[in-house]
Amino acid sequence: MTVALRFAARSDVGLVRSDNQDSAYAGPHLLVVADGMGGHAGGDVASSVAVAALAPLDGESHGPDDALDELEVALDDARAEIIARSTADPDLAGMGTTVTAILRAGNKLAMVHLGDSRGYLFRDGVLSQVTTDHTFVQHLVDTGRITAEEAEHHPQRSVVMRVLGDFDADVTADLSVREARVGDRWLLCSDGLSGFVSAETIEETLATIPDVDACADRLVQLALRAGGGDNVTVVLADVVELDELPDGAMPSTNASVVGAAALSRKRPSAAAESPAARAAWLTGRARRTGADGAGDDGPPEDAPAAGTPGDGPDDADRDDTHEDEPLAPAPRRRGLVVAWVVAGLGLVAAVVLGYLWTQQQYYVGAGDGRVTVYRGIPQTLGPVELTSAVETTRLRVDDLPAYLRERVEQTISAGSLAEARDLVAMLEDGVEDEEPATPTPAVPSRCPPTGPRCRPRRPTRWSPPHRPAARRRRDRHRRGRRAVMASIQPHRVRPGRGTELLLLVPALAIGVAGYVLAGIGVTDQVPGNAVGYAVGTTVLALVVHVVLRLRAPYADPVILPVVVALNGLGLAMISRLSLAYAERGRADAGFADRQLAWTAISVALAVAVLLVLRDHRTLRRYTYTAMVAALALIALPLLPVIGQTVNGARIWVRIGPAGMQPAEFAKIALAVFFAGYLVTHRDTLALAGNKVLGLQLPRARDLGPILVVWGASLLVLVGQRDLGTSLLFFGLFVAMLYLATERTSWVVIGLLLFVGGAVAAATTFGHVGARFDVWLRALDPDVYGRDVGGSYQVVQGLFGMANGGLFGTGWGQGRPDLVPYAESDFIIASIGEELGLTGLLAVLLLYTVLAERGLRTAIGVRDGFGKLLAGGLSFVVAFQLFVVVGGVTRIIPLTGLTTPFLAYGGSSLVANWMIAALLLRISDEARRPVPVVRAVPTPDIGVPLTVAGRGTGTGRPVRTPAREVPDGTGPQPDDRPTEHLEGDA
């Protein structure tokens, strides 16, 4: 069973406070509520620091054993940051925050708690408070001095005994681990909810509103209707089982940051025009009238209208662009002018469009020792500078703080000139913030001088009378900026479809130019179908681009152009070899048209994948179905009649005129199976066993999966006589196992097992031994002269690449057709001969970019299944390229694998286009921005309210888990944590 969290987060400033000092975070694995204290000076800073320290834990890489340790470390980091800030700025002295957080590790929930924010569990229709308030009043209740009813109205109910603050006291947090049970609903909230809305009302709201977003909105509205005397923050999460969810109902993986930690924390309350808001305003007016003898005529003119959106994260722009310039060697025969015109137009278009794009960019950097605004990008293209200074400010770089000076020297990008000027203004503010601040007189506290540490009251808009108004305004503005420094500010990623369209221009130009130059080089004339070929490939690329724009607008903008460029180069080289075979009178010379048809089919299937698969997490439901499909595809060539042996390897299936290599599709099914299996069992596989020779080995009983896959790969090696497929399958599993567990021991064990198995097979089976002979003794006359299984193909490929040299012979000027299977197994050698080492390295760099974008997608996507699937698919492409290039260059034994996107073959092309489509789909989820969270009024559900000051109401008491009293007696609660650690009362 695989569980996940469906979550929502809301925060409202309330009807009395002028600033929101609460912060909250809700993500797939982490829920946090932090209620800041310390007045305008630092409450929002403290809560933002706490959330910023905990937010990096929101990931799949936590085991149940280390989740609590990581929460403790994050709290220690937050405490150190709070102490450092209050030490540097006396205005922030006395700040602190409560923290209540839940970290999901598989099906376990690790919880940490400090202060009087609360955690509730709604299970089987019953609401239970799972945290204990760290307040003086709760201590009196626990020791039997007062009752729970008396605590609701106690004058010291706001005194907090444990807090994450700017002091060195050893404050111990409550730590516990609980089970994540499907159907549970978890609620984390600040006292702005629990202090104004009764437990009965909360329970009824959680029971009657199944949607987490609507329920969170309703809880905030209930607190505002009850008076809203404090900031109101709510984090709500349902525990769901992924395997039982219908299509399109998967929980979001985009985290929500609200409150002081979000950029929009200054927005007013969503209930600013409600009757409760009017009452709060009249109360404040009466207080002001009594204090200074002057009243107000009415609400301020800038009062917000009802329904003003609540807090939600704002974003900053970021975009990545890459430009690839086609390399077009000049032919040595006639038609040189036409070839250069075709290639030159594509190059000029790419350069012009790229230059126009750079002149729309701005950035802030250092120039002559001063902060300067530049237009363009900080790069040079030969003697051409792609940047120019627009404005030079009076701000000296040396006057900036160290961290800002480093940022400026590395340059800070901006989307427009206005945004660049705003960045300069922020830098100037940063210099002002380094000035020593004037100490602020302390606000009198009602806490007894010898009593427990209490929460300071949040003052109203008061300042010492001796400070001028301008200074007070500047101080308030500076405090607001400090909170921004502690905020979590999610970046807004541009969809990137414009960048993708721009990159498609040189990508298509590379393929079309190669096709034209190859035709000129072989036949001394431009191919008659050159225009149709250019139009056809352009239409296919634009079809995918339009589908991405409509169905996956945030997909990676680089993957499609790279794939189009590689596919175009492959078509050009295959066409060149087809023309050479036709001149030699070979009967199999018409494969170029077939490859073009397979390209159209591949693009159509890739589009189908993008249209049908709306959420990559849907594939996780078919984990074991994918395993069965992969095993069936691997076994198909072994069946009689349909299984075919070609060149000694039994990897083909032929039904009538149609043939295919099932292993190409089996690798995709295996990647889906491995991702689903490992994301569920990786906690077990990550457990360490004994340490041997400095290497931490896994436990013996956990070696089963790798031994099974190892045995299956050896069966493929023996039964199908295919070293490449066997190596690819086993390498895929070991790589994904390492990605899931991060244990190097699995890689070492995998390498030892495969090398040992391959050596044993080489000495036992003749066809495997022949591959090793070709690898080790290629130039031996006996091996070279063999009729079957000799090294003639490898040696000819090496001679061809040597003939190409550094810059190649040029399209159509070499003799790659002398190498057997130059269009499939040895297309890398063909490219190396005619484009030279320079062209071959350019092709390999395209593959490197493709693998890098896939791995970036794996890093960016938030769910563990998507991380492993994207990482596995990226590894398949990169590892398959390594095996092919390694075999052609004699780094490793030659295998039967084909080069992705380049080599001739329908099965390989279709499978690799499907891999590209899957990576595009996952990258759309990875790059999709966090949706803006808005607090909007919800329909009245008729829930009665019980309001009693700051108490929990006069209804029945909260169903709180019973705590063990000092004498060791007391009932045991029904919902005890699976573990009780230090600090758990």
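Within helix α25, E852 and R856 sit four residues apart, about one turn of the helix. The two residues form a salt bridge, with 3.5 Å between the closest N and O atoms; a salt bridge here is a side-chain nitrogen of Lys or Arg within 4 Å of a carboxyl oxygen of Asp or Glu. E852 counts as partly exposed because its relative accessibility is 32%, and R856 counts as partly exposed at 37%. For these labels, buried means under 20% relative accessible area, exposed means over 50%, and partly exposed lies in between (1.4 Å probe, protein chains only).

The model is predicted, with local features requiring pLDDT of at least 70 and side-chain atom pairs counted only at pLDDT 80 or more, while totals for chains, interfaces and linings use all residues. Residues are numbered from 1 along each chain as its sequence is written, and side-chain values use heavy atoms, with hydrogens and water left out.

In overall terms, the protein has 27 helices and 25 strands. Helices (H or I, at least four residues) and strands (E, at least two) are DSSP runs, numbered from the N terminus. Of the 985 residues in the protein, 53% are buried. Among contacts with a separation of 6 or more, 75% are between residues 24 or more positions apart, where contact means heavy atoms within 4.5 Å.

Side chains of opposite charge can pair when their charged atoms come close. A search of the whole structure finds 23 salt bridges. One of them joins R10 to D213, whose closest N and O atoms are 3.1 Å apart. This pair links distant parts of the chain, with R10 in strand β1 (residues 3–12) and D213 in helix α7 (residues 212–225), 203 residues apart. R10 is buried, its relative accessible area being 7%, whereas D213 is partly exposed at 32%.

D58 and R862 form another salt bridge, with the closest N and O atoms 2.5 Å apart. D58 lies in the loop between α1 (43–54) and α2 (67–88), and R862 in the loop between α25 (827–860) and α26, so the pair ties together parts that are 804 residues apart in sequence. D58 is buried, with a relative accessible area of 10%, while R862 is partly exposed, with 25%.

Salt bridges also link D773, R777, D780 and R786 in a network. A778 is found in the loop between α22 (766–776) and α23 (781–784). At 1% relative accessibility, A778 counts as buried. Not counting residues up to four places away in sequence, A778 touches D773, Y784, S791, V795 and R890. The C-alpha atoms of A778 and V795 are separated by 6.8 Å, and the two residues are 17 residues apart along the chain.

E925 is buried, and the nearest side chain of opposite charge, R617, is 4.7 Å away. For charge, Lys and Arg count as positive and Asp and Glu as negative; His and the chain ends are not counted. Residues up to four places away in sequence aside, E925 touches T253, N254, H616 and V861.

Two packed helices are described by the angle between their axes and the distance between the axes. The axes of helix α14 (residues 530–551) and helix α16 (residues 591–612) come within 10 Å and cross at roughly 5°, which makes α14 roughly parallel to α16. Axes are lines fitted to C-alpha atoms, for helices over the stretch in contact, and angles run from 0 to 180 degrees between N-to-C directions. Angles under 35 degrees count as roughly parallel, over 145 as roughly antiparallel, 65 to 115 as roughly perpendicular and the rest as oblique. From α14, the contact is made by Y533, L540, V543, V544, V547, L548 and R551, and from α16 by L596, T599, A600, V603, V607, L610 and L611. By class, this contact of α14 with α16 has 12 nonpolar, one polar and one charged residues; Ala, Val, Leu, Ile, Met, Phe, Trp, Tyr, Cys and Pro count as nonpolar, Asp, Glu, Lys and Arg as charged, and the others, Gly among them, as polar.

Finally, F875 has its place in helix α26 (residues 864–888). F875 counts as partly exposed, at 23% relative accessibility. Leaving aside neighbours within four places in sequence, F875 is in contact with G731, L732, A735 and Q880.
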